Amino acid sequence: MEANQDAGRWGALGDGTRLTIVARLADGPQAVGQLAAGLPVSRSAVSQHLKILKDAGLVEDVAAGTRRIYRLNPVALAALRDQLDTYWQRALAGYVDAAEAPAEEE
């Protein structure tokens with residue numbers, strides 16, 4: 001289940017608009033209207049992107065009167081960061097192994 005959840009999170013970040021929304025939410029919680037300002041998509045499209053991010057567990061929302069305020073889910077982002085760190089450490093270990101391996105004779 002965890003691998004599928006991680007794949008869904010990475011997939012949700014694969015869209016440029018969603019990545020921009022995540023970057024904006026890194027500055028703090030915002031409503032849909034705030035997020036849509038300056039984006040080349042409609043407010044309705046931003047809502048659809050937020051639904052995908054929410055379904056992936058990357059954002060959370062709370063009601064504030066008639067608006068919904070979105071914020072990043074720090075637990076989900078930490079899980080992705082940990083996964084990237086694991087990949088990075090494995091890549092570095094592979095590089096060290098390759099650099100320390102005796103040269104093959106031709």
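1. V46 is a buried residue in this predicted model. Its relative accessibility is 0%, and because buried means under 20% relative accessible area, V46 falls within that class. The residue sits in helix α4. Setting aside residues up to four places away in sequence, V46 touches I21, V32, L35, A36, L39 and V41. L13, by comparison, is 33 residues away from V46 in sequence, with 14 Å between the two C-alpha atoms.

2. V46 also belongs to the largest nonpolar core, which has 19 residues. The residues with the most contacts inside this core are I21, L25, V46, L50, L53 and L58. Two or more core residues come from each of α2 (16-25), α3 (32-36), α4 (43-55), β3 (67-72) and α5 (74-100). As background, nonpolar side chains in soluble globular proteins tend to be buried together.

3. L53 is another of the core residues with the most contacts. Apart from its neighbours within four places in sequence, L53 is in contact with A12, R18, I21, V22, L58 and V59.

4. The fold contains five helices and three strands. Read from the N terminus, the order of elements is α-α-β-α-α-β-β-α. Of the contacts between residues at least 6 apart in sequence, 48% join residues at least 24 apart.

5. How does the radius of gyration of the chain stand against that of a compact globule of 106 residues? The chain has 19 Å, whereas such a globule would have a value near 13 Å. Along the principal axes, the C-alpha atoms fill a box of roughly 70 × 30 × 25 Å.

6. Between D15 and E100, which are 85 residues apart along the chain, the C-alpha separation is 39 Å.

7. Some totals describe the surface and the charges. Buried residues account for 31% of the 106 residues. The accessible surface comes to about 7,100 Å², and carbon and sulfur atoms contribute 55% of this area. The chain carries 11 positive and 14 negative side chains, and a distance of 21 Å separates the centres of these two sets.

Note on methods
Residues are numbered from 1 along each chain as its sequence is written. This is a predicted model: local features need pLDDT of at least 70, side-chain atom pairs count only at pLDDT 80 or more; totals for chains, interfaces and linings use all residues. Side-chain values use heavy atoms; hydrogens and water are left out. Helices (H or I, at least four residues) and strands (E, at least two) are DSSP runs, numbered from the N terminus. The radius of gyration is taken over C-alpha atoms; the globule rule is 2.2 Å times the number of residues to the power 0.38. Buried means under 20% relative accessible area, exposed over 50%, partly exposed in between (1.4 Å probe, protein chains only). Contact means heavy atoms within 4.5 Å. Accessible areas come from the Shrake-Rupley method with a 1.4 Å probe; for residues, only the protein chains shown count as cover. Lys and Arg count as positive and Asp and Glu as negative; His and the chain ends are not counted. The place of a charge is taken as NZ of Lys, CZ of Arg, CG of Asp or CD of Glu. A nonpolar core is a set of buried Ala, Val, Leu, Ile, Met, Phe, Trp, Tyr and Cys residues joined through side-chain atoms within 4.5 Å.
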